[in-house]
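Here are my notes, jotted down while clicking through the model. Have a look at it first, then read on.

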Amino acid sequence: MTEWTVDRMPDQHGRVAVVTGANSGLGLVTATELARRGAHVVLAVRDTAAGEQAALGIDGDTEVRELNLASLDSVRAFAAKLVADHPAIDLLVNNAGVVLLGQRRTSADGFELQFATNVLGHFALTGLLLDNLAAVREARVVGLSSITHKNAHLDFDDLMFERGYRAAAAYGRSKLATTVLGIELDRRLRSAGLPVVSVLAHPGLTRTNLTPRAWEHRGRLGQLIARLGLLATQSVERGALPQLYAATADGVRGGQFFGPAGLAETRGRVTEARLNRDAADPAIGRRLWAAAEELTDVSYL
Ligand SMILES: NC(=O)c1ccc[n+]([C@@H]2O[C@H](COP(=O)([O-])OP(=O)(O)OC[C@H]3O[C@@H](n4cnc5c(N)ncnc54)[C@H](OP(=O)(O)O)[C@@H]3O)[C@@H](O)[C@H]2O)c1
């Protein structure tokens with residue numbers, strides 16, 4: 001793949017794009033670049049004041065809406081208003097995410113908080129927006145994976161990690177689950193014959209608020225460790241390229257997975273990335289899909 005930059009992004013005028021977690025890091029760059037190329041961008045954020053602040057710095061057509069992915073009530077309320085206001089949605093970038101080190105925490109619905117935010121909130125959101133995505137010629141849904149998904153394993157007997165909780169492993173599992181569901185979504189869209197493309201991307205190691213926030217509970221020492229960790233990361237503008245490519249580049253096919261090409265996929269130009277074997281296993285995909293439907297009470301496809 002020749003080097004892809006935002007200057008090669010196709011024109012986005014006339015397209016409606018929804019970006020979750022658009023007030024910070026990769027989501028903010030994604031929203032900024034989509035708006036710069038002409039898309040109407042919905043900044044889906046849990047803190048609307050932070051969203052409005054972010055929108056001020058974006059040169060283009062944006063709106064800010066409240067969405068807390070760790071609450072299924074919030075996801076339903078957000079989706080109900082959005083589908084009423086935007087009958088056609090061209091792009092959904094399921095970007096928001098948390099890394100939570102320290103003690104196990106739970107969401108408003110009682111789910112492990114990383115799984116709730118990174119996986120279940122986005123699963124429900126995608127289902128609730130699907131009719132409006134299917135109303136356009138070739139809509140895309142982009143899921144945000146991570147290199148941490150590669151060494152993760154799902155435990156179907158304990159998806160909420162109630163036994164032997166390890167925070168970093170829970171994050172890796174949440175990213176594996178995101179990846180499994182993105183590939184399963186592609187399978188289901190194809191068999192339903194719907195004109196929606198499900199793709200995945202990961203940003204390698206990118207300098208954002210993600211790890212400094214994860215270390216907040218460890219005070220000054222934690223911030224020092226987080227800052228040292230950031231030395232090995234690439235810029236957020238570069239880190240956002242795989243998801244922008246997945247979202248907009250010509251010729252992207254459902255089920256593809258993009259990430260950085262260099263240093264064990266941690267940095268560099270966009271290329272096709274390697275999937276964990278479990279992520280491509282249809283039996284695991286079917287099983288996790290059924291679990292996600294049951295947990296969220298949102299069924300589709
Ligand atoms: N940075 C990396 O190296 C890296 C590597 C692999 C994958 N990723 C993935 O990239 C995505 C973006 O992360 P980032 O690195 O850009 O981190 P970030 O700067 O911390 O941004 C995360 C975004 O997610 C939002 N968010 C968190 N919990 C939410 C919730 N319950 N409801 C709605 N929004 C919520 C945050 O909102 P607030 O500002 O209100 O908290 C923020 O806008 C995540 O999915 C992450 O897992 C990042």
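Which hand does the crossing have where helix 1 passes helix 9? Keep in mind throughout that this is a predicted model.

1. Helix 1 against helix 9. The crossing is right-handed. Helix 1 covers residues 25-36, and its axis comes within 10 Å of the axis of helix 9, at a crossing angle of roughly 45 degrees. That angle makes helix 1 oblique to helix 9. On the helix 1 side you'll find Leu26, Thr30, Glu33 and Leu34, which meet Gln243, Leu244 and Thr248 of helix 9. Sorted by class, this contact has 3 nonpolar, 3 polar and 1 charged residues.

2. Helix 9 itself. How many of the residues of helix 9 are buried? The count is 8 of the 8, so helix 9 is largely enclosed by the rest of the structure. If you want to click through them, the buried residues are Leu241, Pro242, Gln243, Leu244, Tyr245, Ala246, Ala247 and Thr248.

3. The structure holds 6 aromatic pairs. One of them is Trp4 with Tyr245, in an edge-to-face arrangement with 5.2 Å centre to centre and 85 degrees between the planes. Planes over 60 degrees apart count as edge-to-face, so 85 degrees qualifies. Trp4 sits in the segment before strand 1 (16-20) while Tyr245 belongs to helix 9 (residues 241-248), so this pair ties together parts that are 241 residues apart in sequence. Both partners are tucked away: Trp4 is buried at a relative accessible area of 4%, and Tyr245 is buried at 11%.

4. Helix 3 alongside helix 4. Next, look at helix 3 (residues 72-85) and helix 4 (residues 113-133), whose axes come within 10 Å and cross at roughly 20 degrees. With that angle, helix 3 is roughly parallel to helix 4. The crossing is right-handed. Helix 3 brings Leu72, Val75, Arg76, Phe78, Ala79, Leu82 and Val83 to the contact, and helix 4 brings Leu120, Gly121, Ala124, Leu125, Leu128, Leu129 and Asn132. The class tally for this contact of helix 3 with helix 4 is 11 nonpolar, 2 polar and 1 charged residues.

5. Helix 4 meets helix 10. How is helix 4 oriented relative to helix 10, parallel or perpendicular? Helix 10 spans residues 282-296, and it packs on helix 4 at an angle of about 90 degrees, with the axes 10 Å apart. The two helices are therefore roughly perpendicular to each other. From helix 4 the contact takes Phe115, Leu120, Phe123 and Ala124; from helix 10 it takes Leu288, Trp289, Ala292, Glu293, Leu295 and Thr296. By class, those residues divide into 8 nonpolar, 1 polar and 1 charged. Leu120 and Ala124 deserve a click, as they take part in the contact with helix 10 and also in the contact with helix 3.

6. A buried arginine. Is Arg65 buried or exposed? Arg65, which is placed in strand 3 (residues 61-66), counts as buried at 14% relative accessibility. The cut-off for buried is under 20% relative accessible area, so 14% falls inside it. Leaving aside residues up to four places away in sequence, Arg65 touches Val42, Leu43, Ala44, Val45, Thr48, Phe78, Lys81, Leu82, Asp85 and His86. Among these, Phe78 and Leu82 also belong to the helix 3 side of the contact with helix 4. The C-alpha atoms of Arg65 and Arg46 are separated by 8.2 Å, with the two residues 19 apart along the chain.

7. Two backbone angles to check. Most residues other than glycine have a negative phi. Phe161 has a positive phi, near 50 degrees, and lies in the loop between strand 5 (139-144) and helix 5 (167-192). At 3% relative accessibility, Phe161 counts as buried. Glu265 is not a glycine either, yet its phi is positive at about 65 degrees. You'll find Glu265 in the loop between strand 7 (257-262) and strand 8 (267-272), and Glu265 is buried as well, with a relative accessible area of 7%.

Terms used:
Residues numbered from 1 in each chain as written. Predicted model: local features only at pLDDT ≥ 70, side-chain atom pairs only at ≥ 80, totals over all residues. Heavy atoms only, no water. Axes fitted to C-alpha atoms, helices over the stretch in contact; angles between N-to-C directions. Helix = DSSP H or I, 4+ residues; strand = E, 2+ residues; numbered from the N terminus. Parallel < 35°, antiparallel > 145°, perpendicular 65-115°, else oblique. Left-handed = near helix turned anticlockwise from the far one by under 90°. Contact = heavy atoms within 4.5 Å. Nonpolar A, V, L, I, M, F, W, Y, C, P; charged D, E, K, R; others polar. Phe/Tyr/Trp six-rings, centres within 6.5 Å; stacked < 30°, edge-to-face > 60°. Buried < 20%, exposed > 50% of the residue type's maximum accessible area, 1.4 Å probe, protein only.
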